[in-house]
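Please open the model in your viewer and keep the selection tool at hand. The stops below say what to pick and what is there.

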Amino acid sequence: MEGVLVTGTAHAGLEGECVRCLEPITDELEGQFQELFVYDDHATSEEDDEASLLEGDLLDLEPLLRDAVVLALPFQPLCQDDCPGLCPECGARLADDPDHGHEAAIDPRWAKLSGLEQDPEQPE
């Protein structure tokens, strides 16, 4: 009888971008919460910092709901679990073109040697 125990589930919509390919994503998330709101006359000075207090007959659920939703958010939202992302060279979305590729890059330290041609009559 020292307060009111609030238990519940928060449902929220999620809108954002995939961290790999930047495609827009939407999803639903659910967060569980439970908090004891203590009456003013039962609160001690040690518990004041951590305990949620009743304000008369009113409860302030905003911090509780916000924390539940934020903790349920994905750390790195993905459009699909196996999203290949973007090409590091040109930025093309690899899920749209799985056979996407580029010629092998030439190391700039050896680029001058590519101008040399081998004499076809000389053995290798």
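A search of the whole structure turns up zero disulfides, a disulfide being a pair of cysteine sulfur atoms within 2.5 Å. This is a predicted model, in which local features need pLDDT of at least 70 and side-chain atom pairs count only at pLDDT 80 or more, while totals for chains, interfaces and linings use all residues. Residues are numbered from 1 along each chain as its sequence is written, and side-chain values use heavy atoms, with hydrogens and water left out.

Select Cys21 and Cys79. The closest cysteine sulfur to that of Cys21 is in Cys79, at 3.6 Å, which is too far for a bond. Cys21 is buried, with a relative accessible area of 4%, whereas Cys79 is partly exposed at 31%. Buried means under 20% relative accessible area, exposed over 50%, and partly exposed in between (1.4 Å probe, protein chains only).

## The whole chain

Now colour by secondary structure. The chain has one helix and three strands, and along the sequence they follow the pattern β-β-β-α. Helices (H or I, at least four residues) and strands (E, at least two) are DSSP runs, numbered from the N terminus. Of the 124 residues in the chain, 18% are buried.

Select the strands. Two strands pair if DSSP finds at least two bridges between them.

Strand 1 pairs with strand 2 (residues 24-38) in the antiparallel sense, over 15 bridges. Pick His11 and you will find Glu30 as its bridge partner in strand 2. Glu17, in turn, stands opposite Pro24 in strand 2.

Which residue in the turn of the hairpin has a positive phi? Select Leu22: its phi is about 65°, and six residues lie between strand 1 and strand 2 in this hairpin.

Move to the other pairing. Strand 2 and strand 3 run parallel and are joined by two bridges. Here Val38 stands opposite Leu53 in strand 3.

## The core

Show side chains for Val6, Ala10, Phe33, Phe37, Leu54, Leu64 and Ala68, the seven residues of the largest nonpolar core. Such a core is a set of buried Ala, Val, Leu, Ile, Met, Phe, Trp, Tyr and Cys residues joined through side-chain atoms within 4.5 Å. Strand 1, strand 2 and helix 1 each supply at least two residues of this core. In soluble globular proteins, nonpolar side chains tend to be buried together.

## After the helix

Where does Leu73 sit? Leu73 is in the segment after helix 1 (62-72). With 38% relative accessibility, Leu73 counts as partly exposed. Not counting residues up to four places away in sequence, Leu73 touches Leu14 and Leu29. Draw a distance between the C-alpha atoms of Leu73 and Leu14: the two residues are 59 apart along the chain, and these atoms are separated by 8.2 Å.

## Zoom out

Last, consider contacts in the chain between residues at least 6 apart in sequence: 53% of them join residues at least 24 apart.

How values were computed. Contact means heavy atoms within 4.5 Å.
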